[in-house]
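Below is a brief report on one protein model.

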Amino acid sequence: MPTGRLSGNITQDWEPVVLRRTKPKAADLKSAKAVNQALRSGAAVETVRKSAAGTNRHSAAPAAPARKLDETTEPAAVERVAAEVRAAIQRARVAKGWSQAELAKRISERAQVVQEYESGRAAPAQAVLAKMERVLEVKLRGKGVGAPLAAGGGGK
């Protein structure tokens, strides 16, 4: 009998060891390579086209918001910038020789905001109108729209 490291009771484990592959992930099963391999091997392949895939639309619109809209007492139309305010903004901007982008930069807003105010698509925000009044030095709110602001009310 050998002596040294192997001395003592040595037993063998005859229990079978099963090695398994990891299950493929769903993304791997949907790849073009996996689908082609399944078709070649004769496996069943099912393809489903989703109607609103990749969009932000939902298939069934919830009924609660529609009911909420019906129950509200507020007017449905959103207030837009009045025609005289639009014209006053445009006249004052052109008189100063500024583009819409230049006016937007001076009031720290996007150029699209000024464009929407001048075209009448924007819902008027008092803060934006106040900034425009200060920079353009023209009254845009209340009575006397388009009149120059009183001395001391102007900015740069």
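## Largest pocket

Helix 1 (26–29) and helix 2 (32–41) each contribute at least two residues to the lining of the largest pocket. Helix 2 provides the largest share of that lining, 5 residues. The model is predicted.

The largest pocket holds about 420 Å³ of space. It is lined by 16 residues, and Leu 29, Lys 30, Ser 31, Val 35 and Glu 46 are the closest to its centre. By class, the lining has 8 nonpolar, 3 polar and 5 charged residues.

## Nonpolar core

The largest nonpolar core has 20 residues. Those touching the most other members are Ile 89, Leu 103, Ile 107, Tyr 117, Met 132, Leu 136 and Leu 140. At least two core residues come from each of helix 4 (83–96), helix 5 (100–106), helix 6 (111–119) and helix 7 (126–136). Helix 7 gives the most, with 5 residues. In soluble globular proteins, nonpolar side chains tend to be buried together.

Tyr 117 is one of the core members that touch the most others. Neighbours within four places in sequence aside, Tyr 117 is in contact with Val 81, Arg 86, Ile 89, Ala 122, Ala 123, Pro 124, Ala 125, Val 128, Leu 129 and Met 132.

## A buried arginine

Is Arg 93 buried or exposed? Arg 93, in helix 4, has a relative accessible area of 9%. The cut-off for buried is under 20%, so Arg 93 counts as buried.

Setting aside neighbours within four places in sequence, Arg 93 is in contact with Trp 98, Ser 99, Gln 100, Leu 103, Glu 118 and Leu 136. Leu 103 and Leu 136 are among the core residues that touch the most other members.

Key
Residues numbered from 1 in each chain as written. Predicted model: local features only at pLDDT ≥ 70, side-chain atom pairs only at ≥ 80, totals over all residues. Heavy atoms only, no water. Core = buried A, V, L, I, M, F, W, Y, C linked by side-chain atoms within 4.5 Å. Buried < 20%, exposed > 50% of the residue type's maximum accessible area, 1.4 Å probe, protein only. Helix = DSSP H or I, 4+ residues; strand = E, 2+ residues; numbered from the N terminus. Contact = heavy atoms within 4.5 Å. 1 Å grid on protein atoms, 1.4 Å probe; cavity = no way out; pocket = protein on both sides within 12 Å on 5 of 7 lines; lining within 4 Å. Points joined across faces, edges and corners; volume = space filled by probe spheres on them. Nonpolar A, V, L, I, M, F, W, Y, C, P; charged D, E, K, R; others polar.
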